[in-house]
Amino acid sequence: MPTIMEGRNTCQHHRSSVLQGLGIHHHQSAGRREPDQPMAHPKTGGYLPVPNVQALAQTWNGSGDLVPDRYVRTEEATAEEVVAGCALPVVDLGRLLDPRSSEEELANLGSACQHWGYFQLIHHGVPEEVIRDVRRDIAEFFKLPLEAKKACAQAPDDIQGYGQGFVFSEKQKLDWADMIYLKLRPMESRNMRFWPAQPPSFRNSVDRFSTEVVKLTSSLLRLMAVDMGVEPERLLEKFGGQPQTMKVTYYPPCRQAGDVLGLSPHTDACAVTLLLHVNDVQGLQIRRDDGRWLAVEPLEGAFIVNVGDTLQMLSNGKYKSVEHRVTVHPDKERVSAAMFHQLLPNTTVGPLPELVKGSGGARYRSVDYTDFMKHFFSTKHDKGLSHLDHYRI
């Protein structure tokens with residue numbers, strides 16, 4: 001791997017030299033060493049069990065009954081204007097890694113992270129067969145009978161497995177969705193009791209997909225660091241072993257689609273999320289500064305990438321973690337797989353010192369990452385409040 005130029009000078013010449021050092025295929029640039037000791041994810045869970053929505057939808061959609069009251073979100077779902085056909089910024093990884101276009105495309109990446117918090121990533125290098133296989137096996141899993149899916153059901157004190165999360169009370173409004181949540185990396189964090197054994201190729205497909213996405217995310221984090229004006233490896237220092245989880249969500253059709261939400265408004269607590277659409281049904285909406293929701297139209301073959309809360313804090317507010325939600329379709333199912341990339345549990349979350357100097361001071365107080373995640377998982381995200389408000393100075 002080419003040597004990365006040292007020093008924190010952010011002038012144009014240095015930036016150009018650094019980008020030339022990054023001009024390699026992401027499969028080569030991502031060879032991060034695994035941690036010497038197993039790194040556990042912050043403990044999550046302790047949620048109340050709720051009915052299986054896929055099974056509920058299969059019986060309820062054919063009846064004449066109204067949607068159960070716990071799912072009715074009419075006021076929330078229709079309170080703000082929704083703008084259709086949102087074209088997110090498009091970032092081309094191939095151009096980022098090509099010395100002839102890297103500077104121009106890096107400015108594009110930085111603009112997307114600063115002003116949108118979201119972008120669609122094309123020419124990302126993840127092999128088509130890897131994406132095809134994981135899409136196929138995810139779709140097959142949700143076609144299994146309910147009892148077969150329950151073989152990897154969540155435990156009462158853990159968010160891992162098949163079920164739902166973030167349910168704290170019997171009166172809480174519920175999302176119109178089921179999910180399977182898996183810890184993927186580091187390898188020691190995997191609990192195979194929650195990994196589906198059916199279809200037989202599921203575990204291998206997810207493992208291959210995980211490996212490719214880690215490589216891709218490693219490249220993105222190095223490029224984001226350059227855009228921020230810090231050393232390319234600076235962000236990755238916070239990600240030794242790159243803790244990674246996957247949330248696959250199944251949104252059943254709902255004939256009263258305008259009365260429910262598939263996923264409550266929230267921001268992501270992680271650093272970076274990569275979203276793969278498993279099928280072609282849309283539903284993701286992001287909130288803009290003017291309060292409007294923009295309905296995202298995914299590009300075929302692209303990942304949708306968004307900045308998470310921890311990356312906003314590390315960047316001292318330069319990058320933007322944006323509230324988003326998911327709506328459902330009246331007669332089509334929607335399936336998506338979100339890959340979350342987190343910091344190490346023993347890491348301090350707060351503005352990088354290099355970015356505080358000369359910027360008017362830190363905009364967030366620093367906190368231990370484990371405490372940061374405990375606060376996130378203990379907070380209900382249905383009131384439009386950012387998780388980051390708790391840490392603002």
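Biologist: Is Lys173 buried, partly exposed or exposed?

Modeller: In this predicted model, the relative accessible area of Lys173 is 32%. Buried requires a value under 20% and exposed a value over 50%. Lys173 therefore counts as partly exposed.

Biologist: Which residue forms a salt bridge with Lys173, and which parts of the chain does the pair tie together?

Modeller: The closest N and O atoms of Lys173 and its partner, Asp69, are 3.7 Å apart. Lys173 lies in the loop between β4 and β5, and Asp69 in the loop between α3 and α4, so the pair ties together parts that are 104 residues apart in sequence. Asp69 is itself exposed, with a relative accessible area of 58%. The partner is Asp69, and the parts tied together are the β4–β5 loop and the α3–α4 loop.

Biologist: Glu233 and Arg222 also meet in a salt bridge; where in the chain does each of them lie?

Modeller: Their side chains meet at 2.8 Å, N to O. The two residues are 11 positions apart, and the pair links distant parts of the chain. Arg222 is buried, at 2% relative accessible area, whereas Glu233 is partly exposed, at 22%. Glu233 is in the loop between α9 and β6, and Arg222 is in helix α9.

Biologist: Is Arg234, which meets Glu237 in a salt bridge, buried or exposed?

Modeller: The Arg234–Glu237 salt bridge has an N to O distance of 3.2 Å. Glu237 is exposed, with a relative accessible area of 51%. For Arg234 the relative accessibility is 15%, and the limit for buried is under 20%. Arg234 therefore counts as buried.

Biologist: Why is strand β6 described as largely enclosed by the rest of the structure?

Modeller: Gln244, Met246, Val248 and Tyr250 point one way from β6, while Thr245, Lys247, Thr249 and Tyr251 point the other way. In a regular strand the side chains alternate between the two faces of the sheet. Residues on both sides of β6 are buried. The strand is largely enclosed because the number of its residues that are buried is eight of eight.

Biologist: Which strands pair with β6?

Modeller: On the β5 side, seven bridges join the strands in the antiparallel sense, with Asp178 opposite Tyr250. A further antiparallel pairing runs over eight bridges, in which Gln244 has His341 as its bridge partner. The strands that pair with β6 are β5 and β13.

Biologist: Which are the edge strands of the open sheet?

Modeller: Eight strands form this sheet, in the order β2-β3-β11-β8-β13-β6-β5-β4, with mixed pairing. An edge strand pairs on one side only. The edge strands are β2 and β4.

Biologist: Which helix lies across β2, β3 and β11?

Modeller: The helix in question covers residues 102–116. Its direction is at about 145° to β2. It is helix α6.

Biologist: Which residues does Val130 touch, not counting residues up to four places away in sequence?

Modeller: Val130 belongs to helix α7 and is buried, with a relative accessible area of 4%. The residues touched are Arg208, Phe209 and Glu212.

Notes. Residues are numbered from 1 along each chain as its sequence is written. This is a predicted model: local features need pLDDT of at least 70, side-chain atom pairs count only at pLDDT 80 or more; totals for chains, interfaces and linings use all residues. Side-chain values use heavy atoms; hydrogens and water are left out. Helices (H or I, at least four residues) and strands (E, at least two) are DSSP runs, numbered from the N terminus. Buried means under 20% relative accessible area, exposed over 50%, partly exposed in between (1.4 Å probe, protein chains only). Contact means heavy atoms within 4.5 Å. Two strands pair if DSSP finds at least two bridges between them. Axes are lines fitted to C-alpha atoms, for helices over the stretch in contact, and angles run from 0 to 180 degrees between N-to-C directions. A salt bridge is a side-chain nitrogen of Lys or Arg within 4 Å of a carboxyl oxygen of Asp or Glu.
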